[in-house]
Amino acid sequence: MATILSPGPKVGMVSLGCPKALVDSERILTALRADGYRLSPDYAGADVVIVNTCGFLDSAKAESLEAIGEAVAENGRVIVTGCMGHEAEAIRAAHPRVLAVTGAQQYEQVVGAVRLAAPTTASPYTDLIPEAGLKLTPRHYSYLKISEGCDHRCSFCIIPSLRGNLASRPANAVLREAEKLVAAGTKELLVIAQDTSAYGVDIRYAESPFQGRPVRAHIVDLARELGSFGAWVRLHYIYPYPHVDHLIPLMADGLILPYLDIPFQHASPAVLHAMRRPANDTKVLDRIRGWRAAVPDIALRSTFVVGFPGETEADFTYLLDWLQEAQLDRVGAFAYEPVAGAAANAMPDQVPDSLKQERLARFMEAAQAISAAKLARRIGTWLEVVIDDADGERGASGRTKYDAPEIDGQIHLRDAGFLKVGDRTIVRVEDSDSYDLFGVAAD
Ligand code: SF4
């Protein structure tokens, strides 16, 4: 939990799930702060506790229920929101004492429930919130959510039924938020959505005025504008539509980071078809070659699901071969897990758990070897690094432009007592392991 100081009732926040949920938590807290509420760093000091849940996988739901139980036991006055909020009956069955349950993005309902549970008399005029709103990430990086929902219907996913179809924010609203964040100290903007490259499709790429000129709600136009603010701009959850190729010149020009996070999920055409995702793996390999020709140091990150229903040994071997060809820089993988309400649950030929785990281990072994070889090639080079952690004495760790916070690797620095969180510095790489680098900062 995080802390701010001012009069008014105190709210505790437990934020679970993905960066998109974290942005929801920040919006809820910003709205409450504007109403004069304070944030409590612990259960004991809170007048009411909000638990922002994740409901994507059954394991995430179990974690959410556990967090709700802990909040009920420790504080007793608990409001539940987030993706698991659409399962109000299950939540109330497990924890009948919760005060209210609301769904994802129902900011007004959450704020209304907090007002009922802990009425405030504090004045929003004397309790000014920062221009950039309240943030749960460190001050030097911020998630920037550009749209909600998704128009795809991947068979393993229930996000569209939880969050609805794609709903893009106007370009000028996104840019104003980014401008305030940078003015407040953000040095890295992490652009997120369920499907970032679909941004603007629902509003027909509508133009909106920003700084006296029209800006299209299109990811390429938006990325170009964001790149002009001077912060690092990192794109997440990019679905590889053809127009993604137009982002590459922005990387070559240094406007946005040479980094693409593309959730490929699989490579076998048969599995991608069953997942209801486009099966264009060979074209994707050609495009990756083209991206690397234009921006040789581009870092590609992706996530994969192994053991999807119907995945044969041939499909899995195809995926391993594809990975060797693609040589992705950063890879996350999961063994397929059924999600209540997802179409994939009813599919035949479910893969036994032991086989899923075996394939996951084989896949991660291959991905790890690629990562280790790529990182070893960085030994002896100089890289710009942003500091995420510093103990103020000797050690510090940070990231290069090739790594996103929390999901990618780090660079660990020796003799770094002079560095502070948020500093950018030049580092000589001295060593590497499978996922991380080790080095020393220039004086
Ligand atoms: S694109 Fe992502 S959010 Fe949309 S349905 Fe597929 S997995 Fe779910």
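Analyst: The questions below take up strands, domains, a helix and a ligand in turn. This is a predicted model, in which local features need pLDDT of at least 70, side-chain atom pairs count only at pLDDT 80 or more, and totals for chains, interfaces and linings use all residues. Residues are numbered from 1 along each chain as its sequence is written.

User: What makes the crossover from strand 1 to strand 2 right-handed?

Analyst: The chain passes from strand 1 through helix 1 (residues 19–34) to strand 2, and this β-α-β crossover is right-handed. The term applies if, with the strands pointing away from the viewer, the path from the first strand over the helix to the second runs clockwise.

User: How is strand 1 paired with strand 3?

Analyst: Strand 1 and strand 3 (residues 48–53) pair in the parallel sense over five bridges. Ser15 stands opposite Asn52 in strand 3.

User: Which domains are assigned to the chain, and where do their bounds come from?

Analyst: The assignment gives domain 1 (10–117), domain 2 (141–376) and domain 3 (382–441); such bounds come from an automatic or database domain assignment. The C-alpha centres of domain 1 and domain 2 lie 28 Å apart. Their contact (C-beta atoms, placed from the backbone, within 7 Å) takes 13 residues from domain 1 and eleven residues from domain 2. Helix 1 gives the most to the side of domain 1 that touches domain 2, with four residues.

User: Why is helix 7 called largely enclosed?

Analyst: A residue is buried if 20 or more other C-beta atoms, placed from the backbone, lie within 10 Å of its own. Six of the eight residues of helix 7 (residues 219–226) are buried, so helix 7 is largely enclosed by the rest of the structure. Among the buried residues are Ile219 and Leu222. The covering elements include helix 6 (171–183) and strand 9 (188–192).

User: Which residues surround the ligand?

Analyst: The ligand is surrounded by Cys150, His152, Arg153, Cys154, Cys157, Ile159, Pro160, Gln194 and Asp195. A residue is near a molecule if its C-beta atom, placed from the backbone, lies within 6 Å of it.

Note on methods:
Helix = DSSP H or I, 4+ residues; strand = E, 2+ residues; numbered from the N terminus. Pairing = 2+ DSSP bridges. Contact = placed C-beta atoms within 7 Å. Buried ≥ 20, exposed ≤ 12 C-beta atoms within 10 Å, placed from the backbone.
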